[in-house]
Amino acid sequence: MHHATSLFATDRPSSLEIRVKVSPSPRALILFAHGSSRATWRAPLETLCAQIQSQSPAHVRVVLAFLERCPPTLPEVVTACVDDGFAHIDVLPMFISAGGHVLRDVPPLLTEIRAAHPALQLHMHPAIGAHPVIATAIAGLVSAPEQDDL
């Protein structure tokens, strides 16, 4: 009598390993600048925003917001990001130091945003000038060959 051998009995692994690839949750990075009434003032920031976006992972959206004198405002951008499904937002103040605007004007905006979006994970970074890589970048510019960019 011939006994059938189960293919599964001989090839079954001793332990079952299941790997699930979890996609990172969408995040927004808001570059938060002062603002200006001059139309050309925004161009370098828009270029910087596009450069950062092109170097960021696919799940990160990089956008601009302004404190005053030009749209969009920080609350407007946060609301748009929340409406698009972003539950985690980082705000990076594009200020060299945490002066009057960052210390006086930003906290009430954050209070307003958190009240409007209580489930939002909102992280306010220090002013960009406080980051050590900025000093390194400036030192690199100073040591680079001279160029007249003005």
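**Salt bridges, a pocket and a helix**

Biologist: What is the relative accessibility of Arg27?
Modeller: The model is predicted. In it, Arg27 counts as partly exposed. Buried would need under 20% and exposed over 50%. The relative accessibility of Arg27 is 28%.

Biologist: Which side chain meets that of Arg27 in a salt bridge?
Modeller: The N to O distance is 2.7 Å. That lies within the 4 Å cut-off for a salt bridge. The partner of Arg27 is Asp90.

Biologist: How many residues apart are Arg27 and Asp90?
Modeller: Arg27 sits in strand β1, residues 27-33. Asp90 sits in strand β3, residues 88-93.

Biologist: Is Asp90 buried or exposed?
Modeller: The relative accessible area of Asp90 is 9%. The limit for burial is under 20%. Because of that 9%, Asp90 is classed as buried.

Biologist: What is the N to O distance between Arg61 and Asp84?
Modeller: The side chains of Arg61 and Asp84 meet in a salt bridge. Its N to O distance is 2.8 Å.

Biologist: Which residue is exposed, with a relative accessible area of 53%?
Modeller: A salt bridge joins Asp105 and Arg104, with the closest N and O atoms 3.3 Å apart. Asp105 is partly exposed at 23%. Exposed requires over 50%. The residue at 53% is Arg104.

Biologist: How many salt bridges does the structure hold?
Modeller: Among them are Arg27 with Asp90 and Arg61 with Asp84. Asp105 with Arg104 is another. The number of salt bridges in the structure is four.

Biologist: How many residues in the lining of the largest pocket are nonpolar?
Modeller: The largest pocket has about 180 Å³ of space. Its lining includes Leu92, Pro126, Ile128 and Val133, as well as His125 and His131. Two lining residues are polar and no residue is charged. The nonpolar count is seven.

Biologist: How far does helix α5 reach from its first C-alpha to its last?
Modeller: Helix α5 covers residues 132-143, 12 residues in total. At 1.5 Å a residue, 16 Å is expected. The span of α5 is close to that, at 17 Å.

Biologist: What is the count of buried residues in α5?
Modeller: α5 is hardly covered. Among its 12 residues, the count of buried residues is zero.

Conventions: Residues numbered from 1 in each chain as written. Predicted model: local features only at pLDDT ≥ 70, side-chain atom pairs only at ≥ 80, totals over all residues. Heavy atoms only, no water. 1 Å grid on protein atoms, 1.4 Å probe; cavity = no way out; pocket = protein on both sides within 12 Å on 5 of 7 lines; lining within 4 Å. Points joined across faces, edges and corners; volume = space filled by probe spheres on them. Nonpolar A, V, L, I, M, F, W, Y, C, P; charged D, E, K, R; others polar. Helix = DSSP H or I, 4+ residues; strand = E, 2+ residues; numbered from the N terminus. Expected span 1.5 Å × (residues − 1). Buried < 20%, exposed > 50% of the residue type's maximum accessible area, 1.4 Å probe, protein only.
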